[in-house]
Amino acid sequence: MDFSVEPEFQAKLDWMDAFITEEVEPLDLVFPGQAYQKLDERLRKIVDPLKEQVRERGLWACHLGPDLGGQGYGQLKLALMNELIGRSTWAPVIFGCQAPDTGNAEIIAMYGTAEQKERYLRPLLDGEAFSAYSMTEPQGGSDPRLFTMRAVRSEDGWVLDGEKYFTSNAANADFLIVMAVTDPDAHPYKRMSMFLVPSGTEGVEILRNIGTMGERGGHHAHIRYDQVRVGADALLGEEGGAFAVAQARLGGGRVHHAMRTVAAVKRAFDMMCERALSRQTVDGVLADKQLVQAAIADSYLQIQQFRLLVLHTAWLIDQSSTKEARTQIAACKVAAARVFHDVVYRAMHLHGALGVSTDTPLARLWQSAPLMGIMDGPTEVHQASIARRVLRGYSPSPGLWPSEFLPDKRAAAHTKYGDFVLSVIFPVQLRAIAIAVSGKDASCA
């Protein structure tokens, strides 16, 4: 198991590190909240040249294969890239790997027809379009077994009818990937199909945009699909195959998201360490306090353990597939929420009033902490998934007592080595007893 990369790729990472620091992170301060909006002429003059530099370095949309303009990098290299990209809100856009467009591009590349790729995938790859993933529903959340939105065949295609909730960035999307029930009586994971729906299609209505905590506006749409008619060519993948498409979309994306989480918590950790060394108290600095030292040590351990978990998961996917690494992918999702919460809280707390103010990034990061346990499915769902898969490798104890019940194990050991005990150990014990007895007799005499 080796997480190192060749010198040529390390040079690319070093360039990314400097480029993001010098050119991209300032965009977060000058143009906050605008990364996922369509570019006006003012922003285009700034952003397009930056994208071009990324393309010239061969770092654009690297999650896709060379035939689609990417590099086809494995998950380990992508993880190391996302550890840098995660430092900036604008960086994913500049590097052509912003969510949800990356996942949407991947499934169109895997399941789309040639016509679908030309119409929908090409603009995404060129950085000229945004997309949205319309899956969750008001009554069912992210559980596809509870979805009710229907897609019914018509003479020339399909008619979609129902509601979707929390469709991120739908207001700026050029098209939506919509999951709908096509066969209510089929197996729960065969009931649904995926559809590509242009945003301007008649009947697609954004009822409102919902914001999350800390947002003044909102970009998560509640959408009503009112008798939306699409052609037969709108079907993405096989009829009834939406669940498989969705699983293919989420696997690698969760690894990327986890490494961007590493970037966020490392930023909080760096701030924590700087603060500990800088803040004076009456008898020294905060770094001299054992409780502060404990907070720093615990944060360091959590980040290192989490980072290694993510890198191992990425390596495992490269060696096998996302299907074979499902347990590890789910573990990354669970660990990300916990590490993010713990490290950001400690950093914020150590900064006192400054930490909860808008003068540092910590308050904004803290507002994201609850989201980490909800996005891409609740933490509890992933915990249950991990437990089910782990337990497949175990069996119930064969009898009344546990397998590690010591009386039974001792009896089995004596049965296995009984002759040895009688021929070697027992005579030794007898000699010891004889010596002890003779010594006692001598003292009595």
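In which helix is Glu-380 found? Glu-380 sits in helix H11, where helices are DSSP runs of H or I with at least four residues, strands are runs of E with at least two, and both are numbered from the N terminus. The model is a predicted one, so local features need pLDDT of at least 70 and side-chain atom pairs count only at pLDDT 80 or more, while totals for chains, interfaces and linings use all residues. Residues are numbered from 1 along each chain as its sequence is written, and side-chain values use heavy atoms, with hydrogens and water left out.

At 53% relative accessibility, Glu-380 counts as exposed; the cut-offs are over 50% for exposed, under 20% for buried, and partly exposed in between, with a 1.4 Å probe and protein chains only. Its C-alpha atom is separated by 35 Å from that of Val-228, 152 residues apart along the chain. H11 covers residues 379-391 and also holds Val-390, which comes out as partly exposed at 41%.

Turning to the inside, a search of the whole structure picks up 1 cavity of 30 Å³ or more. A cavity here is a set of points on a 1 Å grid over the protein atoms alone where a 1.4 Å probe fits but cannot get out, and lining residues have an atom within 4 Å of a point. Grid points are joined across faces, edges and corners, and the volume is the space filled by probe spheres set on the points. The largest cavity has a volume of about 80 Å³. Helix H3 (75-85) and helix H7 (242-278) each supply at least two residues of its lining, with H3 giving the most, 4 residues. Among the lining residues are Leu-78, Met-81, Asn-82, Ile-85, His-256 and Arg-260.

H3 is itself largely enclosed by the rest of the structure, because 10 of its 11 residues are buried. The buried residues include Leu-78, Met-81, Asn-82 and Ile-85.

A few backbone spots deserve a look. Ala-61, in the loop between helix H2 (41-56) and H3, has a phi near 45°, a positive value in a residue other than glycine; Ala-61 is buried, at 1% relative accessibility. Gln-227, in strand E7 (residues 220-231), is not a glycine either, yet has a positive phi of about 50°. Gln-227 is partly exposed, with a relative accessible area of 44%. Finally, the peptide bond from Ala-99 to Pro-100 is cis, with omega near 0°, and Pro-100 falls in the loop between helix H4 (91-94) and helix H5 (101-111).

Definitions and conventions: 1 Å grid on protein atoms, 1.4 Å probe; cavity = no way out; pocket = protein on both sides within 12 Å on 5 of 7 lines; lining within 4 Å.
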